[in-house]
Amino acid sequence: MIGYYVHHHGHGHLHRALVLADACRLPVVGLSSLPRPAEWAGEWVQLERDDDDPGPRDAAARGQLHWAPLDDDGLRSRMASISAWIAEQRPSVMVSDVSVEVAMLARLHGVPVVSVVLPGERGDAPHRAGLGLSSELVSFWPPSARGMVRGLAPADAARLRCLGALSRFGRDELAGGRPDDGVRRVVVLNGSGGGGPTADQLDRARATSPGWEWQVLGGPSGTWVADPTAALRAADVVVTHAGQNALAEVAAARRPAVVVPQDRPHDEQRTTAGVLARGGWPVSVRETWPDAGWGARLDRTARLDGEQWATWCDGRAVHRFVGVVHAVAAGSDSASLVSAPAAGS
């Protein structure tokens, strides 16, 4: 049995858990303060929230942890629930996506941990401790994307497995020609983690891009769509933040993109955007949302070759992820079972 801890912020953690659970031959149990997803087929352990107290005390434990506020009933309950589940179910491996505290807790119960590593600065004491005790470290960008993570201990950087972008959609679902109707379409793909262009910014973008039809998904000015497949297939250009899930879906669709990173902890999205700007991927990167010049920007981006995304998302990441998790669950050396090399940062 596999335990999968799913962080509640954003949708990327949950999407990775869903994809892994669907592909694994072992049962996968989700543990999260998120409500059980309708599409989750296995067991789901509902955890209490630990961030409802408006005045948490010493939440970082003097810099040694990321979030463990003193005397918090939610924290006490959720950690006790995880411990009780481990004691009862005896999982073969715990996937932490992402929490160094959950990784530590599982390892203290004698359960091997596969930790998902996110982009950005990860050299603080909690990251070094939680990642250092993990049996395997995986990330969802290709080995060629150098500089995606900073600050890892050298030994951990050397064993980080860069599996490639993990899209929840298959290549066949997203690939295909755009409608041959003469309409040029741009899709704005916002995430659920906050941020995104305002209504005024979108109005100015439309005003400076005559001949382009805009569709906005999610964010403060759009409509949330759980399955953006149809919109991505129809797009000539996608405008997106630099979150891992959004980029994976754009890459799987092989659509050129304008990437505008949003503020996230540990400089996650800005680090990703910087790597994309230096690499050979079909993107135009802007540090902030531009107020003008959208017509020329979209025209230039639309001429980029979307097939260059193949090096970012080759459709095999889920198989590599399953290989790592299964190998750890079996007590095997995953290096011999996974077709993605360990790669430094």
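Are Trp281 and Trp312 buried or exposed? Both Trp281 and Trp312 are buried. The model described here is predicted.

## Confidence of the model

Over the whole chain the mean pLDDT is 92, and 92% of the residues reach 70 or more.

## Aromatic pairs

The structure holds 7 aromatic pairs. One of them is formed by Tyr4 and Phe321, with 6.4 Å from centre to centre and 80° between the planes, an edge-to-face arrangement. This pair links distant parts of the chain: Tyr4 belongs to strand β1 (residues 2–6) and Phe321 to helix α12 (residues 317–329), 317 residues apart. Tyr4 and Phe321 are both buried. Together with Phe140, Tyr4 and Phe321 form one aromatic cluster.

The ring centres of Trp281 and Trp312 are 5.0 Å apart and the planes stand at 85°, so this pair is edge-to-face.

The charged end of Arg297 sits over the ring of Trp294, 5.0 Å from the ring centre.

## Strand β10 and its neighbours

Strand β10 (residues 184–189) has 5 of its 6 residues buried, so it is largely enclosed by the rest of the structure. Strand β10 runs parallel to strand β11 (residues 212–217), and 6 bridges join the two. Within this pairing, Arg184 has Trp212 of β11 as its bridge partner.

Strand β10 also pairs with strand β12 (residues 237–240), again in the parallel sense, over 4 bridges. Here Leu189 has Thr240 of β12 as its bridge partner.

Strand β7 (residues 136–139) is covered on both faces. Glu136 and Val138 lie on one side, Leu137 and Ser139 on the other, and all four are buried.

Strand β5 (residues 113–116) runs parallel to β7 and is joined to it by 3 bridges. In this pairing the bridge partner of Ser115 is Leu137. Strand β9 likewise pairs with β7 in the parallel sense, over 3 bridges. Ser139 stands opposite Cys162 in β9.

## Nonpolar cores

The largest nonpolar core has 37 residues, of which Trp141, Leu160, Leu276, Trp309 and Trp312 touch the most other members. Two or more residues come from each of β9 (160–162), β10, α8 (229–234), α9 (244–253), β13 (257–259) and α10. Helix α9 gives the largest share of this core, 7 residues. A second, separate core of 29 residues includes Leu14, Ala17, Val95 and Ala317.

Which residues does Trp141 touch, not counting those up to four places away in sequence? Its partners on that count are Val117, Leu118, Pro119, Met148, Val149, Leu160, Cys162, Leu163, Gly164, Ala165, Gln244 and Trp312. Leu160 and Trp312, among these partners, are also among the core residues that touch the most other members.

## Backbone exceptions

Most residues other than glycine have a negative phi, and most peptide bonds are trans. The peptide bond that joins Asp97 and Val98 is cis, with omega about -10°. Val98 is in the loop between β4 (93–97) and α3 (100–108).

Asp58 has a positive phi of about 45° although it is not a glycine. Asp58 is found in the loop between β3 (44–46) and α2 (73–89). Its relative accessible area is 34%, so Asp58 is partly exposed. Arg62 likewise has a positive phi, about 55°, and is not a glycine. Arg62 lies in the loop between β3 and α2. With a relative accessibility of 70%, Arg62 counts as exposed.

Note on methods:
Residues numbered from 1 in each chain as written. Predicted model: local features only at pLDDT ≥ 70, side-chain atom pairs only at ≥ 80, totals over all residues. Heavy atoms only, no water. Phe/Tyr/Trp six-rings, centres within 6.5 Å; stacked < 30°, edge-to-face > 60°. Buried < 20%, exposed > 50% of the residue type's maximum accessible area, 1.4 Å probe, protein only. Lys NZ or Arg CZ within 6 Å of the ring centre and 35° of its normal. Pairing = 2+ DSSP bridges. Core = buried A, V, L, I, M, F, W, Y, C linked by side-chain atoms within 4.5 Å. Contact = heavy atoms within 4.5 Å. pLDDT = per-residue confidence, 0-100.
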